[in-house]
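I opened the file to look up confidence, a few side chains and the aromatic rings. My notes follow.

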Amino acid sequence: MDNIYLLMIVALAVLAIADLVVGVSNDAVNFLNSAIGSKAISFRTIMIVASIGVAVGAIFSSGMMEVARKGIFNPGEFMFSEIMIIFMAVMITDILLLDFFNTVGMPTSTTVSIVFELLGAAVCMAFIKIGHDNGSFGDAINYINTSKASQIIFGILLSVIVAFTVGAVIQWFSRLLLSYNFEKKAAWVGAVFGGVALTAITYFIFMKGLKGTSYASQSFEILGGETMKDFLETQVLSIVGVSLVFWSLLSLVFISVLKTNIYKLIIIVGTFALALAFAGNDLVNFIGVPIAAYNAFEQWSASGLPATQFPMDVLAEKVPTNNWLLFAAGMIMVATLWFSTKAKSVVKTSLDLSSQGDTKERFQPNFLSRGFVRFAMLMSQMSSYILPESWQAKIDKQFETPVIALKKSKTYELPAFDLVRAAVNLMVAAVLISVATSYKLPLSTTYVTFMVAMGTSLADRAWGAESAVYRVAGVLNVIGGWFFTAFIAFVSAALIAFLLNWNVNVMVPVLLLLATILLVRNYISHNKKVKETKAEDKLQKAESSSVQGVIHESAQNIANVVKRGNKIYTNAINGLSKQDLPLLKKNKKQVEKLSNEIDDLRDNIFYFIKNLDESSVGASNFYINILGYLQDMAQSLEYISKVSHKHINNNHKKLKFNQIKELKQVDESLEQFFIDTKAAFDSRSFELIGDILKNKKEIFSLVNEKIQKQVERTRTEESSPKNTTLYFSVLLETKDLLTATMNLLEEYHNSHDSSVEPASIVEDTEE
């Protein structure tokens, strides 16, 4: 029996390492969001600053480990065997839950997950003990640290509302003061803003960093025997006042003398501060439980008592964590920060929701998001009646976004927001976390940083009429995910604790194996998805301003659509002939993806036309026509794919041999047509289009012939209305597909001028 606890300790150590990896992937958004979104400094510099912050914060986090030991339940009420089951259930649940959120690219709270997992597992064990002793379920309150647990839960929920509101208010006043032309403001304005921001951030570093170390508890004679920790809490106004004067003067020197961009400095210091706070505050969420389990195992091993008879009062005592262990944890976190692809996808979700410009919206609007937007619009109309028009005009002028000239590079992306918003994000998050820490109020750093970013986005008018319903829906989805985290964490940890208690010797290896399989599966599927995204033939937006330039830029898009369309059509015919439902289902997803990409190109028409010279308006007509034909092709493919899937999915009669044979003949003819078309566009040999168009009648005649044959069959031998409907649907839509493709080819054939060199080649030569 003793061997099982040794196995559990080893397993918990491995799970701690894995939890560090998935935890950092999820929480990286907390401190990377502002710096990456504003592009204030290079990505490499951001990562170096964040890495130093994480490493320092990890070493300073020893004081936070008590939450896992006694913050949620009363350890003295449980025996060693029961505590080990609780800890094991918590770690297995935590790693699977966080990995799930990372895989779907949604930020969640590691604090909320660990709190509700400890609560769920402890409540389950308490009920088991009560049931065994024939006690009352009301006695469960003796096992749970109800005051601390309720304080943590209330603090976390309150932080969501407070962070959003404070972020919105501070950003609104900051923008009103600085506008979008903040770099042209007087030096003293930047100095005051820099002084306030850097004061907030440095005080935050002391509150979250120094306060948790052993140095903070030492007495200093210069402080009259007072500890640094007490000094930080009792002399808040003095420290803030002196810091404000010091940082404001230093900011003035930076701006006026050294000609330094003070906003970039704020972002660098703020990124370091939040990275430090994350490691100091959240490291307990990843390794607190395994360390507590190891401490319990040491005490039990030395006692000589059976595991079921050794009480866990020892966990209520304060035990310092080994600094080397903290350093090792910090290094794992830093390595994860550099190499995790999942961290990047979580950061992207937050940036997309707070972007000042247009992005590909990930979330679909719902009735709640539409309701919130309508309410906000109503409030805006009411305020316009209250405020004088002259005031409104002045306010609107401060919120006017400057026109930014796009760089002629397909890899370049505009910043998601400017330096002022990034600085406010960091400053407000730092202040809120500092205040909560000074009042000993627990909160989730993820919730605070995310909701501050959303509040500043709203105040900065990033959620305009074009994007508001999508962005609000995204925020509601993320918040819903947080409540989902709490519920699933509680239920899952309780269930796993129940299974472990049922037969610990059998269930420990079984559950560990299951967790490993799920983690490996998620890792493989995520990597596969990333590789597919990189490898797939994505459609590119046109950037040229001349007809010939657009012709050559669009050629690759057409080659890609033809290639993917050929595969989709062939898969639909093969799926029908073999009655292969999985193939048809996959095919349906592929054509939906293609349609969405073409829709994205159409959504970009506004910016494409805006970018044109007055002498190149013809390029817009050509481009609009091309996109229209591509959309027609996609709609035909989508219809063919849909009716094929529906027929097989509803278990209708299989097509007859002659019908399948004829569809295969059409597919072969169409395949050769698509291959020739793709070759012409891939090689930019547009003169070959004329040869392809010469075969136009031949292909249409083949399809018409098959339609006529089916008409004759229907009159004489066909007995299935569903088969007839499907067959006619596929062939008639094939005609529409051919018509759209032929129209596109004719547009190219009529517009292409072989004597003109492609615009892209000319630009490269000039460079």
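**Rings.** I count rings of Phe, Tyr and Trp (its six-membered ring) as a pair if their centres lie within 6.5 Å. The model is a predicted one. With that cut-off, I looked for clusters and noted one made up of Tyr5, Phe80, Phe297 and Trp300. How many aromatic pairs does the whole structure hold? My search returned 10. I then took up Tyr5 and Trp300, an edge-to-face pair with 5.5 Å centre to centre and 65° between the planes. This pair links distant parts of the chain, 295 residues apart. Tyr5 belongs to helix 1 (residues 2-38) and Trp300 to helix 10 (residues 262-303). I checked burial for both. Tyr5 has a relative accessible area of 3%, so I put it down as buried. Trp300 is buried too, at 7%. Phe673 is buried with a relative accessible area of 4%, and Phe674 is buried at 3%.

**Charges over rings.** I looked up two arginines. Arg175 lies over the face of Tyr180, 3.7 Å from the ring centre. Arg713 has its charged end over the ring of Tyr727, 5.6 Å from the centre.

**Ser251.** I found Ser251 in helix 9 (residues 236-256). Is Ser251 buried or exposed? Its relative accessibility is 1%, so it counts as buried. A polar atom of its side chain lies 2.7 Å from the backbone oxygen of Trp247. Beyond four places in sequence, I listed contacts of Ser251 with Ala191, Gly194, Gly195, Leu198 and Ile262.

**Thr336.** I placed Thr336 in helix 11 (residues 323-339). Thr336 is buried because its relative accessibility is 7%, under the 20% cut-off. Which backbone oxygen does the side chain of Thr336 approach? I found that of Ile332, 2.8 Å from a polar atom of the Thr336 side chain. Outside four places in sequence, Thr336 touches Val21, Val24 and Ser25. I also took a C-alpha to C-alpha distance: Thr336 and Ala28 are 9.5 Å apart in space, although 308 residues separate them in sequence.

**Confidence.** I left this check for the end. Mean pLDDT for the chain is 78, and 79% of the residues reach 70 or more. I flagged residues 406-412, where pLDDT stays under 50 and the model has 9 contacts beyond four places in sequence. I also flagged residues 754-767, again under 50, with 6 such contacts.

Technical notes
Residues numbered from 1 in each chain as written. Predicted model: local features only at pLDDT ≥ 70, side-chain atom pairs only at ≥ 80, totals over all residues. Heavy atoms only, no water. pLDDT = per-residue confidence, 0-100. Contact = heavy atoms within 4.5 Å. Helix = DSSP H or I, 4+ residues; strand = E, 2+ residues; numbered from the N terminus. Buried < 20%, exposed > 50% of the residue type's maximum accessible area, 1.4 Å probe, protein only. Polar contact = N/O pair within 3.5 Å; in protein donor to acceptor, adjacent residues only side chain to side chain. Phe/Tyr/Trp six-rings, centres within 6.5 Å; stacked < 30°, edge-to-face > 60°. Lys NZ or Arg CZ within 6 Å of the ring centre and 35° of its normal.
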